[in-house]
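Work through the exercises below with the model open. Try each task before you read its solution.

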Amino acid sequence: MSLLSTLARLEAVRGQRAEPLATVRHRHLSDRPMVLVPLAAAGEAGAPLAVLLGTDRDAPRLHLVPQPLNRTQRSEFLAAMAADVVPYLESFGEQVELLEGSEKDPVSGEKLPVVRELCADAPQLVVPNAAGVAHLALLGRSTRFRRTAEDPDPGEYPAPTQVPLLGRWLTHLTDRAQVPGSSMLLSMTGLLARHWATGQSNLEDQHLAARMAWHLSPSGLEPPATGAVAAEWVESARDAEGLLVHPPAGPSTDPKFDERVLAPAILRYDAAVAVRVRAEGSRDAAESERAAGLVERARAELARVLLAAALPTWHDVWHGLELLRELPPADHLPDRWEGDRWSFTMHRDRVAAGEPPQPRRDDAVTAARKLAQREREQAKLEIQEALDDPLAMAERRLAGEAFAGEVVDVVPEWSAGRSPKPRPLLVVRTGDRPHADPGREVYRAHAEPAQRAEIVSAESGEVVVRLLSGMGRRKDPEPGSVPEVGSRVVFTLFELAPRQSAPLPEPADTPWTHGGPPVVGEDSPAGADEWE
Amino acid sequence: MSFSGELVPNPLDAAGALPPGEAADRAVAGILDAVVRPRPGAPRGVVVDSPPGAGKSTLVVRAARELVDAGERLMIVAQTNSQVDDLVDRLASKAPEMSIGRLHASDAKPAPEALRHANVTAKDKVADLLEQDVVISTAAKWQWVKAEQPWRQAIVDEAYQMRSDALLAVARLFERALFVGDPGQLDPFTVVGTDQWAGLSYDPSSSAVVTLLAHNPAIRPHRLPVSWRLPASAAPLISSAFYPYTPFRSGTGPGERTLRPGVRADGSAVDTAIDEAAESGWALLELPARHTVRTDAQAVAAVAQTVRRLLDRELTAVSEQGSAPLTAGRVAVGTAHRDQAAAVRAELARLGVPVDPALGEAVTVDTANRLQGREYDVTVVLHPLSGRPDATAFHLETGRLCVLASRHRHACIVVARAGIAELLDEHPSTEPVQLGVAVKFPDGWEANHAVLARLSEHRVRLS
């Protein structure tokens, strides 16, 4: 934890309110996000119980598994969820930009012009917390290999076409969510943690309602309050029946809710189904109708209690989005969102091309490539956040990795040699104490084009740097390329462009140290269902 | 699992009675045999586990010479630029007849020590170095080399520090390789999430040696059994705390290494700690318990004052190599974080202690990561847990403490706030257990306690 975020936490404790950690919004927010509040059944890893989802705050749709142990009902649930989510995801694939580029012909080596499609926008899923992301990853893993009626060997239980498609999309989105700075699948607790500090521990911050209680007084709390008292109230207040007033954000549900509300409701549903089976056996039309009505009512009752369990979280997520929208967007958001759009476009193309689902495990080369991409994006994110946000830069300045100040003197000097180049000295007055030894290269923030300099001397209160580049090709610097006396400058000790990652071999060339090339098909058994 | 390769007996079991020199020679001879004269069908890799200061660099130099003498062209992979420069310097001095190419990045010039030799050529393009007997560079730079001219033989130095994905990128360049490293040092790390690959044999964020051994079960690691760096006061502790299943011993016996102060103690706690360290090899300079920010000003001042007094008191280091005055270049300060190192450097500069190597002999102040593979007469360590309210996985990492506590030939002085034992007891390690990931022994918690227990026998309180 940095000094600045420690301070923000202390101030949050003192004020009993969330304290800003950012002056701008560092994650892209879609105009049309889809919020998902998934709930899981206890006792089995990743077993879906219900999901509350939608793009309209006032019209959430609930899908549920009335009997969570029943595999047929689970299939029906996934089909219904897929029918809701997949059209939303695919709707972003229709509008595209055409980008002209060139590609090397693999045979002749010539550069050939190509036109590539880039989707104009990409979908955005928002879940309450990191456990929600993990739950979607499990759903993706368990559905992307499902066989459909269109498969050559559909098996005994073919799923609707959209179910494996949903699995592939969820796998793609949860994988992409691991890339720092990406915004296609976000958790609300993660979003809030980046932008505000609370006066409670990181662990407590994982509880969405407790976290929100540092921003807004929770509904139902009398008298209204924010901070630790409110957080404790939403975490632990129970009604006369012993149920949490504010249910947890899932996917796990409150055990007391499971015991006193959910289990009896499931039991009644099972009983109604048993009655219906008996009635169907008796061939009595009136009896069958009455039994069907019983099942219908039991199901409606289940829907009612599950909706009540998910709805407070649904509102918390939308409240969180509202809070975030109040922050102005950071300058580099479009740049990073374009990365998400490429990621979306490429997955769309893979699906359209009929490629098989993502393998169960990454091979050695794919894993290394993904790691390299994540590290590159992490470096990029840190740089862009520092450039976009004075508070983020302040953290780097406090850590001695940057300094900001006023130019108090400019000494024009030139390099030696036949064609001297400008190498002016800047004297910068600063209260920062950069870890800068003479000779160390530094980079000027917000310089266009990029500008390097080197530290000449660093006394307390005054740093002298020599500009080395970004001043044009002539003997005298281009106008405006050297900061004037009185202007404010920021120099960083970290590079402002992330380094390229080194090339990796093709999977087919995996070396002996890593077990040689992967065996095709070993990790993606067609049609293998993890549940059956 | 079956082992088709040669079984390497534990040198301590077989050679426990041998004098250290002989035991080490036997181990080295076995390794060189396996590298230079591999038996038909032998695995393509040879792995050597080397505890701190066990002659790893000497082994690399000897292996390089023998391979070149046998007519091989050799590539050497090290992990950092300073390791590469050190190795070039050492290789060029020990083998003046060998032509050495130093491949470097276009924006990073090699250190002057590496370039002062007539047999060293430094270039940023590998094509300019193909005629050299040996080409040395960092793993990061080797990854960019195109594989048109594969070397047959490679040496990978500090292989436990190398990440699996780096090995994946460079393994195409060679057919056989000698991997040398210290398994007790810091594991490679990354700042991004890698949980999804935990348990895979080729987890890209794990150590290169772990991946190599998982895919080549026929490789049995060799071991170097004797630490020539650590004094008799330190080897047993480091061996039992950090290498419980692969013990080693010191090359020198008790009393063979001494530190003699030339100037008498002034009665301060700092001087008492220096005397204690000179006497016993260890000292714990303990400040009152307190929760502090990372750059704890009092602890930093205590570290700097200790270094100042070490130099002022004109100590003489006597060892099997003769006696030499303890000068700034033979002292190092180790910290856990870079900002702590920077704060110590600033404080030392204020006290007039040289810290800039560009201006002459200077005290080294660096983090554990950067001190790996280095050796000094005396080290002053700011304890990673000093003043902390919590003990995170980072601060508990076994390798970090192991590096900091095993850089010295004579003595190690640890500066810490009181209360670390209690802090440890309040923070048992709670890392999630991942399927398929071998549990690492010892865990940092236990190793920290072992070291602390020993240090507390040499405690000096600073009020």
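**Exercise 1: a helix pair in chain B**

Task: Find how helix α3 (residues 56–69) of chain B and helix α4 (residues 81–94) of chain B pack.

Solution. Step 1: the two helices pack at an angle of about 55°, and their axes are 10 Å apart. Axes are lines fitted to C-alpha atoms, for helices over the stretch in contact, and angles run from 0 to 180 degrees between N-to-C directions. Step 2: this angle makes α3(B) oblique to α4(B). Angles under 35 degrees count as roughly parallel, over 145 as roughly antiparallel, 65 to 115 as roughly perpendicular and the rest as oblique. Step 3: from α3(B), the contact (heavy atoms within 4.5 Å) uses Ser57(B), Val60(B), Val61(B), Ala64(B) and Arg65(B). From α4(B) come Leu87(B), Arg90(B), Leu91(B) and Lys94(B).

The model is predicted: local features need pLDDT of at least 70, side-chain atom pairs count only at pLDDT 80 or more, and totals for chains, interfaces and linings use all residues. Residues are numbered from 1 along each chain as its sequence is written, chains are lettered from A in the order written, and side-chain values use heavy atoms, without hydrogens and water.

**Exercise 2: a helix pair in chain A**

Task: Classify the angle between helix α9 (residues 255–282) of chain A and helix α10 (residues 285–325) of chain A.

Solution. Step 1: their axes come within 8 Å and cross at roughly 160°. Step 2: that makes α9(A) roughly antiparallel to α10(A).

**Exercise 3: chain A overall**

Solution. Step 1: buried residues make up 48%.

Key. Helices (H or I, at least four residues) and strands (E, at least two) are DSSP runs, numbered from the N terminus. Buried means under 20% relative accessible area, exposed over 50%, partly exposed in between (1.4 Å probe, protein chains only).
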